[in-house]
Amino acid sequence: MGSMDSSPVVHSQRSSTRDQVTTREWNDLPSELLPSIADRLGIIELLRFRGVCKDWNFASSTASAEIEALPNRDPWFLLYGENNNSQCTLVTESGQQYSITIPEMDGATCLASSQGWLLLYREGLIFFFCPFSRAQIDLPVPTKFPPMGISDHVAVFSTPPTSQDCVVCIICRTNKSDDLELYVIHRGATSWTKHKLNSFPNKIECAAYHNGVFYYFDNTDLMVCFSIKDRSISLGKVRYVKSPNERCIPLRFISNVEKEEMKKRLDLELGAISTCGTTVSCLNVDKMVPYENTANAKGGETRRPKGVWFQPRFHQIDKMLSW
């Protein structure tokens, strides 16, 4: 577990022209101004800022690109695994596309996305990862964990992994049966606990967390609920409220209109992409973006490109932080 000192290399995929300007030595800038400049930058600008030199990288060690962290902002999209290497395509809220090199995404599968953190599975390891700062937090590997190539895996975590009360819950289907298995781990624990739900044939499409309970929603109106306190699994039926005054879980499914608008920004054929879902933090009601096209190719290996919707954040962590 640790945080990488280097930032991803970002290149715009759109050409631009620049007016001729007078140049000056970068080291002429007063060092005391650099942190305040870094704090005012968006994520793309911050990555470029950090790549100028070691002094600028150090000066931005506490920057978080908070300009991108405002609520009710549409998520960005990260396309990876297209050529089985570390080259990824980043699509911003406005539709601007960038080519970005992220070695940690090579051979990885994203299981969940929330608040700028990705939960990744790669070469038998499970870890949290921030694609911009390259901060990484390793988790213990579950024993007898079903291989990613032959099972449906949907995951969610309760809070950011830097929180003391973070809990991760992964649900999967084994051996193409109707049975579901849940793997749960709390921060500070050294092993996962396993729970089983028999005879649930429906496909899980969305996942979320609220008030001590993990919710997994299928492609109808059913949901699987796991209570952290009781360590119990139950089934429920989704009931849609008509008034904000009615008691309800503060979650909503992304609408078809929103989904199509998000896809239009990408200018990509999403039907050929295995997409990880995410929970988008909003002011009042968080919205859920479903998992899509997660069927695997023959032989158990996902051969199609992968993608994940995520909220842009620049998380920096203490290198001594442990799960």
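How many bridges join β10 to strand β11, and in which direction do the two strands run? There are 5 bridges, and the strands run antiparallel. Welcome to a short tour of this predicted model, in which local features need pLDDT of at least 70 and side-chain atom pairs count only at pLDDT 80 or more, while totals for chains, interfaces and linings use all residues. Residues are numbered from 1 along each chain as its sequence is written, and side-chain values use heavy atoms, with hydrogens and water left out.

**The sheet with β10 and β11**

- Helices (H or I, at least four residues) and strands (E, at least two) are DSSP runs numbered from the N terminus, and two strands pair if DSSP finds at least two bridges between them.
- An open sheet is formed by 4 strands in the order β10-β11-β12-β13, with antiparallel pairing.
- Its edge strands, each pairing on one side only, are β10 (153–157) and β13 (193–197).
- From one strand to the next, the twist averages 20 degrees; axes are lines fitted to C-alpha atoms, for helices over the stretch in contact, and angles run from 0 to 180 degrees between N-to-C directions.
- Strand β11 covers residues 167–173, and its Ile170 is the bridge partner of Ala155.
- The loop between β10 and β11 holds Gln164, which is exposed at a relative accessible area of 64% (buried means under 20% relative accessible area, exposed over 50%, partly exposed in between, with a 1.4 Å probe and protein chains only).
- Gln164 and Gly188 are 24 residues apart along the chain, and their C-alpha atoms are separated by 8.1 Å.

- Strand β6 (residues 108–114) is mostly covered, with 6 of its 7 residues buried.
- It is joined by 6 bridges to strand β7 (residues 117–122), and the two run antiparallel.
- Cys110 has Leu120 as its bridge partner in β7.
- This hairpin of β6 and β7 has 2 residues between the strands, and Gln115 takes a positive phi near 55 degrees there.
- Helix α2 (residues 43–50) is also mostly covered, with 6 of its 8 residues buried; these are Ile43, Ile44, Leu46, Leu47, Phe49 and Arg50.

**Cysteines**

- A search of the whole structure finds 0 disulfides, a disulfide being a pair of cysteine sulfur atoms within 2.5 Å.
- Cys276 counts as buried at 4% relative accessibility, and Cys166 is buried at 0%.

**Aromatic pairs**

- The structure holds 11 aromatic pairs: rings of Phe, Tyr and Trp (its six-membered ring) pair if their centres lie within 6.5 Å, and planes under 30 degrees apart count as stacked, over 60 as edge-to-face and the rest as tilted.
- One of them is the edge-to-face pair of Phe128 and Phe157, at 4.9 Å centre to centre and 85 degrees between the planes.
- Phe128 lies in strand β8 (residues 125–129) and Phe157 in strand β10, so this pair ties together parts that are 29 residues apart in sequence.
- Phe128 is buried at 0% relative accessibility, and Phe157 is buried at 5%.
- Phe128 also pairs with Trp323: the ring centres are 5.8 Å apart and the planes stand at 35 degrees, so the pair is tilted.
- That pair links distant parts of the chain, 195 residues apart, with Trp323 in the segment after β22 (306–310).
- Trp323 is buried, with a relative accessible area of 12%.
- Trp117, Phe128, Phe157 and Trp323 make up one aromatic cluster.
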